[in-house]
Amino acid sequence: MNRLLKDPTIADLFQQHIEEKRCRFHNILKTTGWDEIVIGSGSGKVQFQDDMAYPFKVNPYFREWMPLDKRSKCFLRIQSNTDKPTLYLNCAEDIWHTAPQGLPEGFSEHLEIIEYASIDGLKKHLGKTQDKAVLINETNDLDISDAQWNPDQVLNAIDFQRRSKTPYEQACVRQATQLAVPAHRAAEQAFMAGASELEIASAYLTACKCSENEMPYAIIAGINQNAAVLHHHQLNNKAVKPRSFLIDAGVQFNNYASDITRTYAFDKGSDFSAMISTLDSAQQQLVSYGSIGKSPMDLQVLAQQKIAQILIDFNVLKVSVEQALEQKIINTFFPHGLGHHLGCNVHDKGSRLANPAGDLVSASEKYPSLRASAPMVANQIHTVEPGIYFIPSLLDKLRSDQSEAVNWSEINHWIPFGGIRIEDNIILHSDGDLENITRLAFQ
Ligand SMILES: [Mn+2]
């Protein structure tokens, strides 16, 4: 089903979004006993012993409401007794920086907007709300009591409702995906033309017309062995003889991210290329297993089974699928989780919550560090990202502990290719439809 952005317009969806979030936050106020929630966009940070600022990163709780990512010291106020949230925009005079970012067209009608020039001025606007207001912000700009500043009770309730994405949020991730596809294609072309990792990242940024600071996360672009470095951010500026290439990169739209990984073989006739195709089929099967109520921990087991089978078929493992899982041999080749929630944070919060009170779904004994453990719910956005890696340090450990499980002559053949990861973003619709927004955008 094609759900690309047509009608209603993004501004209409934003109105619905604000209305839906307001209802959810009113509920949170009711159950937690507070009168209002004030969310700050955050402040710029200066580097140690320097007058240079770090790139500004907006508070994810603010991002959930507002498509502003370049404007610090703004505050959104949601009060239990009003139907329209108020956005306080910092308008202090600033001759050093570009004029402040505004809201997209058609967005401001759904908010009360007030400009302020100083924190004292803002406090006057907020009036005597001091005792019953909660502030969610990295710094306590309002000099509110400790109990009112980022209380866990409120944060947990917000994280819990976040799991279900509004149609606006879904549209934003879809749009972020559409914008990332030409950039991924440009990256593939640059790799095939023999470019260095840094040149490939540069081709990616040029194609999506974004700066590095506007990326939802730092681009991972690994050629050959570097494809085995799970978060390879230190990009090589020298071209090498290309064999394999892994790129994990997204784009953001109105503060919502896409999170996409693709792996390419330089030689399309090689066995590495065949391994990519095999993992690609397994990945699409894993996507199809997602459904409302399902546990990500069960999907993790399925992913491990599929990856073990691929390694057996490619003559890498000499043990059975069961042994590969039982003896944790599979963790050497697939040392991370199958996926995570995607939302206001690229690794969205709330993925382990059992309820809004903050109780956690107990972690599986086998996978204590799995990012997502809570059962899937309707309108959630998940990533599905199985991988197969040949990581020398993990292989060394396996060699000393369980040497007989592996065909080591085969391993030496695969190490120079680094690894493979394939990652799509999926919306679990309430009617049961699974929308693979990444594949649709690549079509
Ligand atoms: Mn991811």
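The buried residues of helix α6 pack against α5 (167-192), β6 (220-223) and β7 (244-249). Here a residue is buried if 20 or more other C-beta atoms lie within 10 Å of its own, exposed if 12 or fewer, and partly exposed in between, with C-beta atoms placed from the backbone. Helices (H or I, at least four residues) and strands (E, at least two) are DSSP runs, numbered from the N terminus. The model is a predicted one, in which local features need pLDDT of at least 70 and side-chain atom pairs count only at pLDDT 80 or more, while totals for chains, interfaces and linings use all residues. Residues are numbered from 1 along each chain as its sequence is written.

Helix α6 covers residues 197-208. Its 12 residues reach 17 Å from the first C-alpha to the last, close to the 16 Å expected at 1.5 Å a residue; the expected span is 1.5 Å times one less than the number of residues. The helix is mostly covered, with 9 of its 12 residues buried. Among them are Ile200, Ala203, Tyr204 and Leu205.

What happens to the backbone just after α6? Lysine 209 takes a positive phi of about 55° there, in a residue other than glycine. This lysine sits in the loop between α6 and β6. Lysine 209 is exposed, because it has 11 other C-beta atoms within 10 Å. Asparagine 255 also has a positive phi, near 80°, and is found in the loop between β8 (252-253) and β9 (256-257). Is asparagine 255 buried or exposed? It is buried, because 21 other C-beta atoms lie within 10 Å.

A nonpolar core is a set of buried Ala, Val, Leu, Ile, Met, Phe, Trp, Tyr and Cys residues joined through C-beta atoms within 7 Å. The largest one has 110 residues, of which Ile37, Ile39, Ala187, Ile200, Tyr204, Ile307 and Ile388 touch the most other members. The largest share of this core, 10 residues, comes from α5. Domain 1 and domain 2 both give residues to the core, so it lies between them. Alanine 187 touches Ile200, Ala203, Tyr204, Ala221 and Ile247, not counting residues up to four places away in sequence. Two residues are in contact if their C-beta atoms, placed from the backbone, lie within 7 Å.

The domain assignment gives domain 1 (10-162) and domain 2 (167-442); such bounds come from an automatic or database domain assignment. The C-alpha centres of the two domains lie 33 Å apart. Across the boundary, 18 residues of domain 1 are in contact with 18 residues of domain 2. On the side of domain 1 that touches domain 2, α1 (10-32), α2 (60-63) and α4 (152-162) each supply at least two residues. The largest share of that side, 6 residues, comes from α4.

Of the 443 residues, 42% count as buried. Among contacts between residues at least 6 apart in sequence, 71% join residues at least 24 apart.
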